[in-house]
Structures are given as structure tokens and as C-alpha cells.
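Here is a quick walk through one chain and the partner it touches. Have a look at the fold before reading on.

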Amino acid sequence: MNRNELIESASMLGPFNQEAVLEYTEKIDRLVVIMNETMASRPDVNELIGDNNLSMMKDNHANHARFIASVMQNFNSEVLVDTILWVFRAYRSRSFHSSYWAAQLNTWMTIFEKEFTRETYGEVRRLYRWMQVNIPSFVICSDEKLSENKSMHLTD
Amino acid sequence: MNEQDNLVSDQEKFTEALLKGSYSKALSIAHKYALSHDMIKIFYEQVVKPSLYRIGELWEYNQITVAAEHLATSLSESVMNELYENIISEDRVSKCVLLGCVETEHHQVGIKMIADIFEMNGWDTFFLGANMPTSELIKFSLEKKPDLIALSLSVYSHIPYLEKMIIDIQQKLPCTPLLVGGQAFNNGGDEIMSKYQNVTFLREFQEIEKFIINFQPL
């Protein structure tokens with residue numbers, strides 16, 4: 001899928017139940033801590049995120065949580081897709097491997113299943129499943145711009 | 001070279017000056033535009049803004065460091081401060097605006113540009129800068145009694161902070177209209193602002209002049 005197709009596909013995700021959004025917002029700071037501990041303790045973490053990128057990974061988890069809370073509160077498919085593409089470009093250009101997103105989303109889902117009510121988990125799962133399924137499309141779309149920018153050089 | 005080519009060339013030179021950390025080069029470009037308010041607005045909209053967007057893009061692609069990006073932002077603000085004496089208008093209109101960024105928001109160049117446009121139009125401005133705590137903004141507003149409060153945000157995930165800020169301000173200052181804008185809304189989200197009364201959303205930098213001219217207090 002290209003960007004426009006991703007936006008069209010994402011447009012069917014919203015709106016989200018506001019009680020679920022409230023639970024997500026109330027619990028997410030604590031869940032970010034669990035997320036960071038779980039991901040940092042993985043033996044393959046350096047393969048997923050590159051060397052010396054732990055603090056950047058933790059920043060990403062905190063930003064991810066804030067962003068998902070706001071996008072579920074006020075759903076906008078274009079904002080969702082363009083922000084995910086920006087994240088893929090910014091982090092992949094700093095050695096994050098595309099497998100990181102699969103690992104990250106799986107870990108979020110495992111944590112959510114334990115921590116959220118069944119109703120909230122069902123709402124959140126819809127969005128996270130969509131992100132998981134579309135990782136290959138996000139990789140391809142971000143590849144286009146990353147390769148365009150490989151030829152950019154600053155003048156001295 | 002025609003006017004458009006000159007602008008593109010200046011924008012490239014300004015970007016380069018920011019990336020090299022050369023304040024003097026950046027300032028020499030700015031001085032070419034200091035002759036009139038209209039020229040300064042062109043400088044902001046067509047030189048500074050695209051340069052900073054370009055620098056943000058270079059960070060995104062890992063071609064510059066965070067430090068280089070922060071230096072570029074800081075130099076841009078210094079250059080804008082240097083233009084201040086060319087910005088203030090002698091014709092004052094007895095109106096006052098208070099401007100700041102939403103709590104947790106650290107990007108203040110855009111709202112600083114907006115503050116300067118109000119100054120050009122004879123308004124008194126209180127520029128409160130980045131990451132403005134809502135309670136402090138309200139306390140300051142109760143003291144200064146501005147005709148308008150302008151809020152900016154660059155990051156979409158800060159919209160819930162903005163919404164909370166709007167609700168809190170409107171509780172304490174129900175007669176003070178709000179103006180909202182910023183890069184956070186580049187890909188959408190402005191429809192959220194239509195939920196609130198007495199809140200004007202401006203998408204484009206150019207819209208501010210028209211807003212100021214037509215401004216009517218509540």
C-alpha cells in the first residue's frame with residue numbers, strides 16, 4: 001500500500017470508544033515503564049535498535065504512548081499515517097531495524113492484554129493490529145524518501 | 001535573477017549559515033529584509049520558516065545532530081530579536097495580546113513570528129515563550145487583561161494539553177478570545193478546534209494579518 005491507500009485503510013479504524021481512551025490515558029505512563037523494561041531486557045535489543053540507542057528507544061515509547069492517546073481521542077487517519085511514516089524515517093535512519101516495530105507492537109499488545117479491561121483491549125487491539133499488519137507498507141513508503149535523501153549532502 | 005530566485009537563494013544561504021553556526025552570515029541575510037514590515041514578513045515566511053523546516057528534515061534523516069538543530073533554532077531567534085527595532089510600529093492601537101506555547105511544547109519560533117506581526121500592527125505583546133504552565137498563564141492574564149491569548153503547538157500529541165488549556169482559560173477568562181495554530185495541525189486536526197467557542201484556528205501564517213485587521217473583542 002502507498003501513503004494514500006494507508007490513509008484510506010486507516011480511516012475505517014476510528015472513532016474510538018472514549019471510555020477506552022480514558023483507560024489508555026490513565027494507565028499509559030505506568031505501562032511505558034513496563035514496556036521499557038521488557039524491551040531493554042531482550043537479548044536481541046541491539047540487533048533491533050542498533051548500538052547506543054536505548055535512550056532513543058525509551059523516548060520513542062513515551063512519544064508513541066502520548067501520540068496514540070491523542071490520536072484515539074481525536075481520530076485523524078492522515079495524522080496517524082504521516083506520523084508513523086515520520087517515525088519510521090527518523091528512527092530507521094538512526095539504525096533502528098524494521099523488525100523493531102514488530103517486536104515493539106507485539107510487546108505493547110502483550111502488556112495491554114494483561115493491564116486493560118477486555119473492552120479497552122478490544123478497542124486498542126483494532127489500532128495496534130492495523131499497525132502490525134501494515135509494517136511492510138510503512139517500511140516501503142519510508143524507504144522511498146530515505147533513498148531520496150541518501151544523495152543529499154550539506155555544502156561545506 | 002528574479003525575485004523568486006533571490007528568495008530561494010537567500011533561503012539556501014540562510015540554511016547554510018544556520019548549519020555552520022554563522023550568526024553574522026545569517027544576520028547579513030536578515031538585514032536585506034529589514035527595510036519594511038512587508039519585507040520582514042517575507043523573510044519570516046519564505047526564508048526562516050522553510051530553512052527551519054529543511055533543518056528539521058535533515059535531523060529526520062540523521063544528517064545533522066540534535067545539537068546542530070538546536071543551534072539553528074537559537075540562531076534564528078537571535079536574528080529575529082535583532083530585527084526588533086524594525087518591527088515595532090509607532091502607531092499603537094491600544095490592544096494587547098499574550099502569546100505562548102502550550103504546556104510541554106518547546107518549539108517557539110513560529111509563535112514568536114506571530115508576536116512580531118502583532119507588534120507591526122501596533123499591538124502590545126507579551127511573548128511568554130515555550131512550555132507555558134496553564135496556571136501561570138492564567139495568573140498573568142488576570143493581571144494584564146489581554147484582548148487576546150494566542151497559543152501555539154508543533155506536536156500533534158500535545159493537542160490534549162491544548163484542549164485542557166483552552167477549557168481552563170475559558171473558565172477563568174470567559175471574555176478573552178483565543179487564537180490557535182502551529183505545525184501540529186499540518187496534517188489535520190484543526191476540526192478539533194471547532195468544538196470550542198471563541199477559539200479561532202489559523203492554518204496559514206499569511207492569515208494572521210487579516211485576523212488582526214478584522215479583530216473584534218468579545
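This is a predicted model: local features need pLDDT of at least 70, side-chain atom pairs count only at pLDDT 80 or more; totals for chains, interfaces and linings use all residues.

**Overall build**

Chain B has nine helices and five strands. Going along the sequence, they come in the pattern α-α-α-α-α-β-α-β-α-β-α-β-β-α. The radius of gyration of chain B is 17 Å, close to the 17 Å from the globule rule for 218 residues, so the chain is as compact as a globular protein of that length. Along the principal axes, its C-alpha atoms fill a box of roughly 50 × 40 × 25 Å. As for burial, 38% of the 218 residues of chain B count as buried. If you take the contacts in chain B between residues at least 6 apart in sequence, 71% of them join residues at least 24 apart.

| Domain of chain B | Residues |
|---|---|
| domain 1 | 3-87 |
| domain 2 | 96-213 |

Taken over C-alpha atoms, the centres of domain 1 and domain 2 of chain B are 23 Å apart. Where they meet, eleven residues of domain 1 of chain B are in contact with nine residues of domain 2 of chain B. On the domain 1 side, α3 (37-60) and α4 (66-82) of chain B each supply at least two residues. The largest share of that side comes from α3(B), with six residues. By class, the domain 1 side that touches domain 2 of chain B has four nonpolar, three polar and four charged residues.

**The core**

In soluble globular proteins, nonpolar side chains tend to be buried together. Here, the largest nonpolar core has 87 residues. Among those with the most contacts inside this core are Leu18(B), Ala26(B), Leu99(B), Ile114(B) and Leu162(B). Both domains of chain B take part, since the core draws at least three residues from each of domain 1 (3-87) and domain 2 (96-213). Zooming in on Leu162(B), and skipping its neighbours within four places in sequence, you find it in contact with Val102(B), Leu151(B), Leu153(B) and Val180(B).

Notes. Residues are numbered from 1 along each chain as its sequence is written. Chains are lettered from A and ligands numbered from 1 in the order in which they are written. A nonpolar core is a set of buried Ala, Val, Leu, Ile, Met, Phe, Trp, Tyr and Cys residues joined through C-beta atoms within 7 Å. A residue is buried if 20 or more other C-beta atoms lie within 10 Å of its own, exposed if 12 or fewer, and partly exposed in between; C-beta atoms are placed from the backbone. Domain bounds come from an automatic or database domain assignment. Two residues are in contact if their C-beta atoms, placed from the backbone, lie within 7 Å. Helices (H or I, at least four residues) and strands (E, at least two) are DSSP runs, numbered from the N terminus. The radius of gyration is taken over C-alpha atoms; the globule rule is 2.2 Å times the number of residues to the power 0.38. Ala, Val, Leu, Ile, Met, Phe, Trp, Tyr, Cys and Pro count as nonpolar, Asp, Glu, Lys and Arg as charged, and the others, Gly among them, as polar.
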